[in-house]
Amino acid sequence: MNPEVSHKLPKWFLSFPVTRLAEPSYPLAGQVTQILTEKLRGVENFHKAVHFAIREVIENSFEHGQTDHCYMCAYSVPSKQIVRLCILDTGIGIPESMITSQRYPDLRNDIDAVDKAAEYGVSSKSDERGIGLYLLRDVAEKNEASLTILSGKAKMDISKDIKKTLLDIAFPGTMVNLSIKTRRDFYYLSTSDWEEL
Amino acid sequence: MVPGTKITLIFKEWLNQPGSLREIGSIINDVIVFQWSHYEIVELDFENETVASGSLFDEIAKLFNEFPKEEVKRRLKFINIDPCDEHLIVHLAKLRLARKEVSA
């Protein structure tokens, strides 16, 4: 796959058009990140965070969504130093995945399921997993980015605050929408080296 | 294991394997543990390629569940690694260690 810069949007946009992904392509996240961030100035942490976000969300779609494809689109606005990306699948969705696992019998509704899935170490697969959504949530909260997770009847909007909405109609699958802006003190995980551990 | 010995493994040779990144990380974890029975130090050479996968690196961080922290730090080394990948591994290792402490 060769991601292309769109020439149909205004020239101040850099975009990766809606693309169907049939597998979690390893090089794709890096290619898309490069397109989106090449004209963004600012800290290197930001580019790495975007790379990480794309990689993790695609991986989650295939690993947990029980789907054989997902869709992704993204764009950046260099003048506003912002990147927006959206990844969507029509798999079983987070609530169904969590309930089916029978690992968390106290879940009352879809909101509980999505909230739980974004905790560290929580996964529908086993106790020894559950990182992607937790780390994305961490980056969003600390950088006042905007992360929206829509799955089943649950919609969570995560930024400095968290807003949880129980919808009347279920979304058939999972959508993750991230809007993230560079900033001088951009936070991306611990800055310790291996030797300092 | 022979003291003073070291083996260098090329990280990206695993990245083209079939399976999810977490599955690949699990294989790498198994390989490290296996090699530790023969070599004192296992070195992962990333050849300056960015990985940026929390799932894969979390499988490496699981080494801290099985072995003492100082032993893992001493016997596992990374070379030519993107600093942000190193920070991600450290971040995940800290989470694993904190969880291990709570469980103890």
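**A friendly note on chains A and B**

1. Let us begin with one residue: B:Ile60 is buried, because 21 other C-beta atoms lie within 10 Å of its own, and a count of 20 or more is what qualifies a residue as buried. Please keep in mind as you read that this is a predicted model. B:Ile60 sits in helix 2 of chain B. Leaving aside residues up to four places away in sequence, B:Ile60 touches B:Gly25, B:Ile28, B:Asn29 and B:Ile89.

2. Now step back to chain B as a whole. Its secondary structure comes to five helices and three strands. In what order do the elements of chain B run from the N terminus on? The order is β-α-β-α-α-α-β-α.

3. Next, the overall form of chain B. The C-alpha trace of chain B spans about 35 × 30 × 25 Å along its principal axes. A compact globule of 104 residues would have a radius of gyration near 13 Å, and chain B agrees with this because its own value is 13 Å. Of the 104 residues in chain B, 33% count as buried. Among contacts in chain B with a separation of 6 or more, 88% are between residues 24 or more positions apart.

4. The sheet of chain B deserves a careful look. Its three strands form an open sheet in the order 1-2-3, with parallel pairing. Which strands of chain B stand at the edges? They are strand 1 (2–10) and strand 3 (76–79); each has a single partner strand, so one side of each is left without a neighbour in the sheet. From one strand to the next, the twist averages 25°. Helix 1 of chain B packs on this sheet and touches strand 1, strand 2 and strand 3 of chain B, its direction making about 150° with that of strand 2.

5. Here is some detail on one pair of strands. Strand 1 of chain B runs parallel to strand 2 (residues 39–45) of chain B, and six bridges join them. To find the pair on screen, look for B:Ile7, which stands opposite B:Val42 in strand 2 of chain B. As background, strands of a sheet pair through backbone hydrogen bonds, either parallel or antiparallel.

6. An unreviewed UniProt entry carries the annotation "domain: DUF4325", which covers residues 40–83 of chain B. In the model, the span of residues 40–83 of chain B is 45% helix and 23% strand, and its end C-alpha atoms lie 24 Å apart.

7. Are its strands paired in the parallel or the antiparallel sense? The pairing is antiparallel, in an open sheet of five strands with the order 1-2-3-5-4. Strand 1 (14–21) and strand 4 (146–158) of chain A are at the edges, each with a single partner strand, so one side of each is left without a neighbour in the sheet. In this sheet the twist averages 15° from one strand to the next.

8. A:Leu147 has A:Leu178, in strand 5 of chain A, as its bridge partner, and A:Met156 stands opposite A:Lys164 in strand 5. Helix 4 (residues 110–117) of chain A lies across strand 4 and strand 5, running at about 135° to strand 4. Helix 5 (residues 132–143) of chain A also lies across strand 4 and strand 5, at about 135° to strand 4.

9. Finally, see where the chains meet. How many residues of chain B are in contact with chain A? There are 24, and they contact 28 residues of chain A. On the chain B side, the elements that give two or more residues are helix 1 (21–36), helix 2 (54–61) and helix 5 (83–103). Helix 5 of chain B supplies the largest share, eleven residues. The residues on this side of chain B divide into ten nonpolar, seven polar and seven charged.

Conventions. Residues numbered from 1 in each chain as written. Chains lettered and ligands numbered in written order. Predicted model: local features only at pLDDT ≥ 70, side-chain atom pairs only at ≥ 80, totals over all residues. Contact = placed C-beta atoms within 7 Å. Helix = DSSP H or I, 4+ residues; strand = E, 2+ residues; numbered from the N terminus. Nonpolar A, V, L, I, M, F, W, Y, C, P; charged D, E, K, R; others polar. UniProt positions renumbered as here; feature names shortened; annotations may be inferred. Rg over C-alpha atoms; globule rule 2.2 N^0.38 Å. Buried ≥ 20, exposed ≤ 12 C-beta atoms within 10 Å, placed from the backbone. Pairing = 2+ DSSP bridges. Axes fitted to C-alpha atoms, helices over the stretch in contact; angles between N-to-C directions.
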